[in-house]
Amino acid sequence: QPGAAGPSGTPQGCADALATKGFKPNELLTAYGIDALRGQGYAGQGIRLAVVEDGGYVQSDIDTFTSCYAIANPVTPTLVLTGGLTEPLPVNGEATLDIEVALSVAPQLAGLYVFESNEETLADRIILYAAPLDPANTGGAPVDVLSSSLGTCEQSLTQSYVDLMEHVFATAVAANVSVFASAGDSGSSTCYHHDGTTQAQSASYPATSAYTTAVGGTNLALDASNAIAGGIAKYRAMRPVA
């Protein structure tokens, strides 16, 4: 049945990785057709990618990952601190995962820039998203892609904050920067997911912005060749109907 537990595919990786649950890079690359692009020589060359994070990472974890999965010649991430940060944030599993997935898909990026903020205020978040658009923060060359796995219950945001963020995203689009944002973990129940009490329907921002591409996920079952044997759309960003 779609979404039900099924064949786990055929994973590849080091022994420690194979002893853990979860899909491995080779499985996902095949399932989503990325290995076909690899076969044509596409591995992220010439593309500069920025990710925005509210947590940190350590390079040794990234090195262990790329070694385990035999990812050849991966680009080394460049850390950029924003919002008054003077030292990297503590390690955050999501930040580490974002980097690892990026390197799994496009290991030979021309640049991978990791922007961190402690997000003590909404202004910090605006600065976090705006910083990748300043070439001074990315070695003098503009980025091509801005990716965010962060999100907030849309209904909880002030209009002034949204207006400023929309200006940032409109600027990105005008500069030919593609912006991708996670649709979140709870669809239209994002508010409840965040505070455990708010019942009102509200999706996750900035996935709902007209200037971003909302990215959902799927609950997959793979066959032995790592092709998709079944699955259901798990998350979807939708603006609730008033």
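The exercises below work through a predicted model of one protein, from its overall dimensions to single residues. Residues are numbered from 1 along each chain as its sequence is written, and side-chain values use heavy atoms, with hydrogens and water left out. In this predicted model local features need pLDDT of at least 70 and side-chain atom pairs count only at pLDDT 80 or more, while totals for chains, interfaces and linings use all residues.

**Exercise 1. Overall form**

State how many helices and strands the protein has, and compare its radius of gyration with that of a compact globule.

Solution. 
- Step 1: The protein has 8 helices and 10 strands. Helices (H or I, at least four residues) and strands (E, at least two) are DSSP runs, numbered from the N terminus.
- Step 2: The radius of gyration is taken over C-alpha atoms, and the globule rule is 2.2 Å times the number of residues to the power 0.38. For 242 residues a compact globule would come near 18 Å, and the protein's 18 Å agrees.
- Step 3: The C-alpha trace spans about 50 × 45 × 35 Å along the principal axes.
- Step 4: Of the 242 residues, 40% are buried. Buried means under 20% relative accessible area, exposed over 50%, and partly exposed in between (1.4 Å probe, protein chains only).
- Step 5: Among contacts with a separation of 6 or more, 75% join residues 24 or more positions apart. Contact means heavy atoms within 4.5 Å.

**Exercise 2. The second largest pocket**

Describe the volume and the lining of the second largest pocket.

Solution. 
- Step 1: A pocket is defined on a 1 Å grid over the protein atoms alone, as an open set of points where a 1.4 Å probe fits, with protein on both sides within 12 Å along at least five of seven lines; lining residues have an atom within 4 Å of a point. Grid points are joined across faces, edges and corners, and a volume is the space filled by probe spheres set on the points.
- Step 2: The second largest pocket holds about 230 Å³.
- Step 3: Its lining has 15 residues, and L29, R38, Y69, A70 and I71 lie nearest the centre. Two or more lining residues come from each of α2 (25–31) and α3 (34–39), and α2 gives the most, with 3.
- Step 4: By class the lining splits into 8 nonpolar, 5 polar and 2 charged residues. Ala, Val, Leu, Ile, Met, Phe, Trp, Tyr, Cys and Pro count as nonpolar, Asp, Glu, Lys and Arg as charged, and the others, Gly among them, as polar.

**Exercise 3. Backbone exceptions**

Solution. 
- Step 1: Most residues other than glycine have a negative phi, and most peptide bonds are trans.
- Step 2: P206 lies in the loop between β7 (204–205) and β8 (213–215).

**Exercise 4. Buried residues and their partners**

Solution. 
- Step 1: A50 is in strand β1 (residues 48–53) and is buried at 0% relative accessibility. A50 touches Y113, F115, P132, V143, V145, L146 and S147. The C-alpha atoms of A50 and L112 are 5.8 Å apart, across 62 residues of sequence.
- Step 2: T138, in the loop between α6 (122–130) and β4 (145–148), is likewise buried at 0%. T138 touches R48, Y113, F115, P132 and V143.
- Step 3: A172 is in helix α7 (residues 159–174) and is buried at 1%. A172 touches L133, V177 and V179. A172 and L133 are 39 residues apart in sequence, with 6.7 Å from C-alpha to C-alpha.

Terms used: Lists of a residue's contacts leave out its neighbours within four places in sequence.
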